[in-house]
Amino acid sequence: MITVKIPYVHEDVDRHGNVRIYFWRKGERKVRIRETPGTEAFEKRYRELLAANTAPSPLTEEAPGSKPIAGTWRWLCVCYFKSMTFLTLDPETQATRRGVLERTFQELIHPESSDRFANLPVRLMSAKHVEVLRDRKLKTPNAANDRVKVARYVFNWAMEQKPPLSIGNPAQGVRLIKVASSGWHTWTTEEVAKYEQRHPVGTKARLALALFMFTGARRSDAVRLGRQHASSGWFKFRQFKNRNRHPVDIEIPILPELQRIIAASPTGDLTYLVTDYGKPFSTAGFGNKMRQWCDEAGLPQCSAHGLRKAGATLAAENGATELQLMAIFGWKTMQEAERYTRAARRKKMAGDAMGLLQGPRSKNENKSRTKVSHR
């Protein structure tokens with residue numbers, strides 16, 4: 001029995017209760033398929049029948065806005081887009097996942113074929129297909145890994161449906177590409193000073209820097225912070241990231257330096273940061289504006305997220321514990337906090353221990369030089 005619909009494949013039960021499988025397209029004769037579904041022989045026969053007529057293959061490019069063919073990769077993704085699992089995600093996460101998936105639809109399954117992933121039957125989709133999608137993005141490893149991760153989300157959801165929309169997760173065993181990077185560049189004290197020199201107190205650019213440095217906020221939170229979040233010298237707000245699934249409430253004191261810069265800066269009614277038209281920034285729009293401000297300061301390597309890392313580094317080097325960092329930055333596990341505290345301890349230990357590299361001989365020589373100089 002076929003549990004997932006395959007384009008042009010139909011089941012028919014005869015008077016004896018036997019299930020027969022046929023290939024049929026409108027305007028063509030029915031052709032019996034005797035091979036067992038799920039086998040290589042079945043797939044081969046199915047391909048032969050697809051190519052046997054001049055009628056368009058269901059794997060070729062679709063017209064924009066056309067209805068997806070049931071049982072295909074695009075159909076499964078569209079079903080996922082309509083699910084509560086997807087709709088309860090943050091809007092930004094929804095947009096990201098949708099973009100990743102939709103860009104796979106018109107990818108060719110094979111360079112020498114006109115077949116597209118959009119209409120590849122889900123039941124025929126294998127780990128090899130997911131690897132093809134991954135490897136098309138090898139020049140951008142993070143984007144390549146995103147394809148694998150999002151495909152896993154879709155198939156995991158499909159397997160949980162009743163009845164299941166997929167009998168397995170072909171993306172689960174596909175390896176992610178190792179990315180030799182520590183992520184966003186962490187601002188140095190020299191870079192912060194250079195930015196402050198270019199953007200003095202009283203500018204929106206300097207206000208943005210202060211909000212990041214003195215709150216540890218993400219970009220999606222910084223653009224939403226306003227006077228309504230300030231009370232009795234404290235900021236109280238719910239992090240925008242994962243606010244629907246795993247909400248994290250932040251309560252941090254407003255440092256005097258930040259209060260001074262806010263008071264001296266142009267701000268909006270509902271948000272401190274506003275556009276030239278007096279409207280709140282979108283997260284993406286602010287990212288572009290921050291990019292402009294960094295470039296004006298001669299800091300093309302710097303970004304808004306790098307400031308969050310700089311704040312965590314500074315706090316850790318000044319003695320903040322893992323729990324304190326979690327309270328400031330809204331992390332739910334110690335893993336991220338420990339990365340900063342370990343680095344801070346390593347730096348301190350290296351500073352304390354460097355003198356040990358000289359050894360007794362070097363120390364004696366230093367003492368001899370000291371005695372000679374006294375003579």
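How far is the sulfur of C302 from the closest cysteine sulfur, and in which residue does that neighbour lie? In this predicted model, the distance is 5.8 Å and the closest cysteine sulfur belongs to C294. A disulfide is a covalent bond between the sulfur atoms of two cysteines. Since a pair of sulfur atoms has to lie within 2.5 Å to count as a disulfide, the sulfur atoms of C302 and C294 are too far apart for a bond. C302 itself is buried, with a relative accessible area of 1%.

When the whole structure is searched, the number of disulfides found is zero.

Attention can now turn to the sheet. Strands of a sheet pair through backbone hydrogen bonds, either parallel or antiparallel. Here, three strands make up an open sheet, arranged in the order β1-β2-β3, with antiparallel pairing. β1 (9-13) and β3 (31-33) each have a single partner strand and stand at the edges, so one side of each has no neighbour in the sheet. From one strand to the next, the twist averages 40°.

β1 and β2 (residues 19-23) run antiparallel and are joined by five bridges.

How values were computed: Residues numbered from 1 in each chain as written. Predicted model: local features only at pLDDT ≥ 70, side-chain atom pairs only at ≥ 80, totals over all residues. Heavy atoms only, no water. Pairing = 2+ DSSP bridges. Helix = DSSP H or I, 4+ residues; strand = E, 2+ residues; numbered from the N terminus. Axes fitted to C-alpha atoms, helices over the stretch in contact; angles between N-to-C directions. Buried < 20%, exposed > 50% of the residue type's maximum accessible area, 1.4 Å probe, protein only.
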